[in-house]
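Hi,

Here is the structure for you to look over. My notes on the domains and the salt bridges follow.

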Amino acid sequence: MAVQGMVDWKRKPVNKDKHGGNRAAGFIYFMVVMTNVTYVSNVLNMVLYLRRTMHLDVATSSTTVTNFIGASCAFALIGGFVSDSYITRFTAIMILGPFEFLGFGLLALQAHLPSLQPPVCDISAQFSNCKQVHSYNAALLYIGLYLTAFGEGCLRANLAPLGGDQFDDNDPTELRQKSSFFNWFTFSISLGAIVGLTLIVWIQDNKGWDLGFTVSAGFILLGVLVVGSGFPFFRHQIPTGSPLTRMLQVLVAAFRKRKLQFPENDEEMYLEYNKDEMVGEVLPHTKGFKWLDKASISDGKTGNWYICTVSQVEEMKIVLRMLPIFISAMIGYIPIPQLLTFTVQQGGTMNTKLAKLNVPPASLLIIPVILQLVILVAYDRLFVPLARRITGCPTGITHLQRVGVGFIASSLATCIGAVIEKKRKSVAEEHGLLDSGNQVPMSVMWLALQFLAIGIVDVSTFTGLLEFFNTEASKGMKSLGTAIFWCNLGLASLMGSLLVDVVNKATSHGRIGWLEGNNLNRNHLDRFYWLLTVLGLVAFLNYLYWARRYKYRQHNLASTS
């Protein structure tokens with residue numbers, strides 16, 4: 001049985017028994033693990049390389065890493081646009097993915113050759129005499145970083161939608177498998193993060209940055225080769241041209257014909273102009289945004305900028321319907337990266353000895369990731385089948401309900417964090433450690449509930465948003481929809497950083513702000529957590545307002561929020 005808008009590697013209609021499904025998804029899982037082994041570990045450890053080896057100052061090192069993360073999100077838009085418009089998602093991975101390999105290769109070369117680095121010096125004792133990387137060496141550093149970001153962004157935009165392409169939305173069985181795919185996709189991200197935070201970070205810290213970057217490049221190359229070996233098993237989408245051009249054509253045509261009246265029997269018009277679909281699938285006419293429907297009215301003129309198909313108009317409506325979800329989810333996601341960052345900093349001041357094992361502060365990130373793996377398996381294998389029997393929804397609960405659960409868990413986590421931080425500071429004061437760099441005699445296991453809530457947030461909000469933007473987007477803009485998801489997270493992180501700056505300026509008044517300085521014992525992280533709790537609750541109510549009014553696409557059997 002053929003799948004609309006999909007072909008095999010010979011450009012022939014796909015055979016469901018031979019192409020797609022979980023077998024094809026397995027190649028994608030492997031690539032996701034490989035990319036996150038390298039990306040997560042290098043993002044979290046890169047600031048040390050920039051400080052110790054390239055001698056950048058604290059602010060510049062932090063800004064460089066932040067810009068690297070932002071560039072990855074921005075490049076995802078480019079990768080998504082190219083694959084939706086001109087080439088298949090598989091081709092985009094094969095062509096654009098190796099840029100990440102090349103970027104890590106340049107970083108490894110620079111880390112290996114002293115002539116491409118600034119002179120060695122002790123930044124802690126003679127910081128003023130240390131020369132930052134400059135001139136051609138600085139150019140090489142940034143070229144390596146942004147080639148890596150470009151490849152990573154393009155892979156992000158195409159891996160999830162390529163996996164989604166392997167399942168038919170119009171087949172109830174495959175629709176359930178598609179929901180499970182996104183759970184295991186997130187599982188693969190977490191698994192890669194665990195491997196990277198243990199293996200890659202250990203190599204960089206103990207064997208050298210050059211070997212660490214080389215191994216990272218090797219993982220990327222291995223992932224690309226494995227995905228390439230799955231070429232005959234994939235279902236490939238047929239590129240349908242630029243989705244941005246199609247949407248602009250709808251806006252222009254609707255504006256030009258804004259004064260025209262609708263015909264008496266407008267349903268016949270919708271059927272007539274929907275025969276020649278241009279978005280990878282036939283999208284049925286829906287109510288709402290009626291002013292856009294005028295783009296489908298014939299006024300005697302021809303051309304794509306005068307008359308559009310109903311599928312084009314409906315594609316534009318889908319984007320407009322998702323816009324309030326995008327904005328409200330972005331606001332709701334602001335506390336999440338801040339919670340993760342500050343929870344790790346809290347743990348770094350506490351007794352990190354677990355049994356006989358002394359856990360480094362940076363490795364505390366592994367705790368919520370491990371919890372996330374456990375929760376994901378339980379969610380996919382236990383919760384979804386049970387919820388499916390109760391609700392009749394193929395995914396157990398709808399995407400937006402799943403996201404809402406994560407936002408509630410986020411507010412609960414910040415509330416718990418505020419209470420625990422108050423307790424931690426009181427213990428530090430009792431032992432006279434407020435101005436000491438020594439660990440507070442309070443076990444890091446006090447943060448277990450915070451870590452558990454963070455795991456729930458990632459399983460619910462992250463996976464729910466990823467599945468929502470990929471499933472709701474038309475077949476002609478799946479990659480761009482996934483790229484928009486990554487931009488949502490990137491913008492939330494940026495707004496969180498701005499929130500920290502605003503809070504510090506608003507609370508300074510001639511003294512140190514809530515989060516300024518290097519002494520967490522003298523800061524007011526507990527107050528900031530309470531602020532995040534209030535922000536999270538307000539953002540959740542705003543999100544709930546828009547989520548309840550969202551109308552899912554017809555192929556999604558979960559038609560209510």
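**Domain contact and salt bridges**

Domain 1 and domain 2 bury about 490 Å² between them, 52% of it on carbon and sulfur atoms. Buried area here is the accessible area (1.4 Å probe) that two parts lose on being put together, summed over both. By class, the side of domain 1 that touches domain 2 has one nonpolar, five polar and one charged residues. Nonpolar covers Ala, Val, Leu, Ile, Met, Phe, Trp, Tyr, Cys and Pro; charged covers Asp, Glu, Lys and Arg; the others, Gly among them, are polar.

This is a predicted model: local features need pLDDT of at least 70, side-chain atom pairs count only at pLDDT 80 or more, and totals for chains, interfaces and linings use all residues. Residues are numbered from 1 along each chain as its sequence is written, and side-chain values use heavy atoms, with hydrogens and water left out.

The structure holds 13 salt bridges.

One of them pairs D293 with K317, closest N and O atoms 2.9 Å apart.

R381 is exposed at 52%, whereas D380 is buried at 8%.

R424 bridges to E421 at 2.8 Å. Both R424 and E421 are buried.

Best wishes

Technical notes
Salt bridge = Lys/Arg side-chain N within 4 Å of Asp/Glu carboxyl O. Buried < 20%, exposed > 50% of the residue type's maximum accessible area, 1.4 Å probe, protein only.
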